[in-house]
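User: I have not looked at this one before. Can you walk me through it?

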Amino acid sequence: MKLKAKMKKDIAKVKVMFKSPMAGPEEAEKKKIKPEFIAHIIGKVGGKTVYEVSTSGFISKNPLFKFQFKGAKKGDMLEMTVTDNNGKVTSESKKIK
Amino acid sequence: MERRNFLGFGAAAVAASMVPASLVAENFRETKPKMWQEATSAGAIKDMYGTTDGIEGKIKLKAPKLAENGGSIPINIKTSVDLESVAIFQDANPRSAVAAFTIPEGAIINYDLRMKMRKTSDVTVIGKGRDGKMYKTVQKVEVSIGGCGG
């Protein structure tokens, strides 16, 4: 996971890229791999949810997401947690610049 | 008597403040498992919201009219309407649902992502406002080379 968060005035701008083949059942069969895609992404600052999305296998491979939110300040920790379809959980924290 | 009332009021206030917190953390994978299996946009939207109607033109959907690479189509959703959730659907792939956002209160709705499409079809963005009204936008995206491992 690559995570970048930057404050612009009072708005935090976040870019995040995940590593995943994002293969649904049909695509996995073609490529002869196990179906593997990100099913749920959640972003938190200080325990408060700032971003939440449930996704399917039709997001691009190694997907890039961009979003913005208010209410954070420089130095806060942004924690992104990703769950894939097999139940594997990955999380990463980064300081907001 | 005052004390009793006061305590009752306190408990009610705590309960009221707890409700939005639990609403925010809605995982559509768990709460609406059926919508992810639907083949058509109309079916999936019905599963999620119960209706396919919506006020048009309030949600701005930025997508290319002609996508050369169906494997990576940039999509941007932007709106100033206070939505509680918004979702993206298309009719090109075996299943319709692409992504469903749960929007925390006071968030800025400006989301970027990239999606896959096998062929030309309509992309529907539909959201439910905190006022209970439905909003939607439909745009046709033409795909010259299909994505999705094709």
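User: What should I know before starting?
Analyst: This is a predicted model, where local features need pLDDT of at least 70, side-chain atom pairs count only at pLDDT 80 or more, and totals for chains, interfaces and linings use all residues. Residues are numbered from 1 along each chain as its sequence is written, while chains are lettered from A and ligands numbered from 1 in the order in which they are written.

User: OK. How many residues of chain A are in contact with chain B?
Analyst: 27 residues of chain A are in contact with 30 residues of chain B. Contact here means that the C-beta atoms of two residues, placed from the backbone, lie within 7 Å.

User: Which element of chain A gives the most to that side?
Analyst: β5(A), with 7 residues. At least two residues each come from α1 (25–31), β3 (38–45), β4 (48–55) and β5 (64–70) of chain A. Helices (H or I, at least four residues) and strands (E, at least two) are DSSP runs, numbered from the N terminus.

User: Which strand of chain B pairs with β4(A)?
Analyst: β6 (residues 97–102) of chain B pairs with β4(A) in the antiparallel sense, over 4 bridges. Strands pair if DSSP finds at least two bridges between them. Glu52(A) has Thr102(B) as its bridge partner in β6(B).

User: Switching to chain B. How many helices and strands?
Analyst: Chain B has 3 helices and 9 strands. From the N terminus on, the order is α-α-α-β-β-β-β-β-β-β-β-β.

User: What about β4 in chain B, which face is covered?
Analyst: In β4 (residues 73–79) of chain B, the covered face holds Ile73(B), Ile75(B), Ile77(B) and Thr79(B), and the uncovered one Pro74(B), Asn76(B) and Lys78(B).

User: And what is β4(B) joined to?
Analyst: It runs antiparallel to β2 (residues 60–62) of chain B, with 3 bridges, and to β7 (residues 109–115) of chain B, with 7 bridges. Lys78(B) stands opposite Lys60(B), and Pro74(B) has Arg114(B) as its bridge partner in β7(B).

User: Last topic: where is Met22(A), and is it buried or exposed?
Analyst: Met22(A) is in the loop between β2 (11–17) and α1 of chain A. It counts as buried because it has 26 C-beta neighbours inside 10 Å. The cut-offs are 20 or more other C-beta atoms within 10 Å for buried, 12 or fewer for exposed, and in between for partly exposed, with C-beta atoms placed from the backbone. Phi of Met22(A) is near 50 degrees, a positive value in a residue other than glycine.

User: What is phi of Asn62(A)?
Analyst: Near 45 degrees, also positive in a residue other than glycine. Asn62(A) lies in the loop between β4 and β5 of chain A. With 14 C-beta neighbours inside 10 Å, Asn62(A) counts as partly exposed.
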